[in-house]
Amino acid sequence: MAWLLSLLLVLLLWMAAAGPRNPLSDDGQHHVYYLDASAWLMSDGAFGAARAALERDVAGAPTGARQVVLGDGVASLLLASDEPLALLQARLRDATARARPSAFASWLASVSALGQGDGQAQGDIVVHYYGAAPVLRAARETLPAGVQVEAAFLTQPLSSNRGIIALGAAPAASGRWDTVDVRVALDAAGAPVPGEDDLTIALDGKPLPAGVGSSSDGAGVLLTDLPADGSMLQIALRQGDAFAADDGASLLLPIRRPLRVGVAGTLPSALQDVLSLDPSLQLVDAAQAQVLVVAEGAIAATDVPTLQLVAAAGGDPAFHFTVRDIDGEIALAGNLQALGLDQARNTAIANELGRPVGVDVSQGKVARVQTWQELFAADGGFVQSLAMPLFVSRSLHWLADSPSWVPYAAAGQPLQQALLLQGLGQDTSVRDRALGDRVFLPAAGTHAVAGKNLQISLLDGDITRGVAEPIAISSSTAPPRTFLHGEFSSLLFFLALLLCCVEWLLLVRGRVP
């Protein structure tokens, strides 16, 4: 009898190690457990509670048809269907919520590919969501076919919240080139919207200098004539709340210095007026110039970026751009409209001058813009249009490769399209990160983009209001899975332990040798 007990004990242990599963527990569905690691779960204890609920639920799920995904910036796969549960806790150890919008809705668009390729028939997909009710509600509105979403855990809403939902800069309305205006937008849920007196505002940690104006309108604050000297503008609520992610925001202000422009020869009066009146340009001697404007027939240095006027009768195209490399050619060719050039305007010029108007782009050692001098005739349509000063100013700044700046940097939002003609937008390391023609920014914080520091803030009105929105969706009420619904390993180990106790009891009583 003793050897039969020993044989049975070994058999139980061997079967437990093999991890047998109950075939009746397979519902033909693939279960995906999604833990949202966005700003929605940054209130005190929310992410930890969601993580604990996920670990508890996954522990009771059958291994053959389940996956665990962390809703970070790239939707990381934490646990594949064929991996042991023991790996999950280690992989979740350093996981945390970050100040960025939730990517759950966009991730659902590709969720139908999960579970394929594991040798099993593909059934419906059940996504168990651990996050915030507003995110789940929005995601359910655009569910792909064959996908179900269950509310496994929803964080409790806050009683109230106030925050900064927008922070952006623009050239100063005063016309001063070396300053910018900044708009700070504020919002709240369950509490009054903050006002200017509720904010602390600093430049590089110091009070605002004299000459900076401010005004408020009930939805935010407008700061005017801030120095565009590369300082860090820091905005924060004087009194924080339970959701700190939107209590502060920062923006790296641009460095805007007048572009030094030299002139060679006698320019048309309309062009000379633009150079004199544009606050972003400073006329200097040719030797100190960053760019040159050269009249037809004039002689100037060949190693300085130049706006060159030529005669239309010479056979050259109306606009000819010389770029330094193929990257600059690609960026310029797709964004000529930003320089004030488009097909309709070129057609109007052609009709007026009675000759075809073309735009060419080529490569060379020094950046160069060549255009017809006749375009700047005092009675010409180009001179009388708003496009002419725009073309001159932006062409000169493009020639000088003026430093790029980001007027608005919100987590999870695309880099501004206006940068495509500036150095940052043309950088290959930026374009390599693009999704289509857009570069999406990471979570809030200081990040290096193309070797330049970029200060990113949360700035999301939906989150600011949503974290204090009452839950209108109930969490899943299904009972937690146990070993009877999936693996039998726990039961077999228990039986083996029970058998050891029986054998010891029989041995003590002398029933077995």
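Contact is taken here to mean heavy atoms within 4.5 Å. The model is a predicted one, in which local features need pLDDT of at least 70 and side-chain atom pairs count only at pLDDT 80 or more, while totals for chains, interfaces and linings use all residues. Residues are numbered from 1 along each chain as its sequence is written, and side-chain values use heavy atoms, with hydrogens and water left out.

Arg 465 belongs to helix H13, residues 461-466; helices (H or I, at least four residues) and strands (E, at least two) are DSSP runs numbered from the N terminus. Leaving aside residues up to four places away in sequence, Arg 465 touches Asp 187, Ala 188 and Ala 189. With Asp 187 there is also a side-chain to side-chain polar contact of 2.6 Å. A polar contact is a pair of N or O atoms within 3.5 Å; within protein, one must be able to donate a hydrogen and the other to accept it, and residues adjacent in sequence count only if both atoms are side-chain atoms. The C-alpha atom of Arg 465 is separated by 7.0 Å from that of Asn 161, although the two residues are 304 apart along the chain. Arg 465 counts as partly exposed because its relative accessibility is 34%, where buried means under 20% relative accessible area, exposed over 50%, and partly exposed in between (1.4 Å probe, protein chains only).

Ser 280 is located in the loop between helix H6 (269-277) and strand E14 (281-283). Its relative accessibility is 0%, so Ser 280 counts as buried. Beyond residues up to four places away in sequence, Ser 280 touches Trp 177, Pro 258, Leu 259, Ser 393 and His 397. The side chains of Ser 280 and His 397 make a polar contact of 2.9 Å.

Two loop residues other than glycine have positive phi values. For Leu 459, in the loop between strand E21 (452-456) and H13, phi is near 50 degrees. Leu 459 is buried because its relative accessible area is 8%. For Asp 204, phi is near 55 degrees, and the residue lies in the loop between strands E8 (199-203) and E9 (213-216). Asp 204 counts as partly exposed because its relative accessibility is 47%.

Nonpolar side chains tend to be buried together in soluble globular proteins. A nonpolar core is a set of buried Ala, Val, Leu, Ile, Met, Phe, Trp, Tyr and Cys residues joined through side-chain atoms within 4.5 Å. The largest core has 49 residues, of which Leu 54, Phe 104, Trp 107, Leu 108, Val 127 and Tyr 130 touch the most other members. A second, separate core has 39 residues, among them Leu 271, Val 293, Phe 382 and Val 383.

The structure holds 2 cavities of 30 Å³ or more. On a 1 Å grid over the protein atoms alone, a cavity is a set of points where a 1.4 Å probe fits but cannot get out; lining residues have an atom within 4 Å of a point. Grid points are joined across faces, edges and corners, and a volume is the space filled by probe spheres set on the points. The largest cavity has a volume of about 110 Å³. Its lining comprises 14 residues, and Thr 155, Gln 156, Pro 157, Gly 466 and Val 467 are the closest to its centre.

Conventions
1 Å grid on protein atoms, 1.4 Å probe; cavity = no way out; pocket = protein on both sides within 12 Å on 5 of 7 lines; lining within 4 Å.
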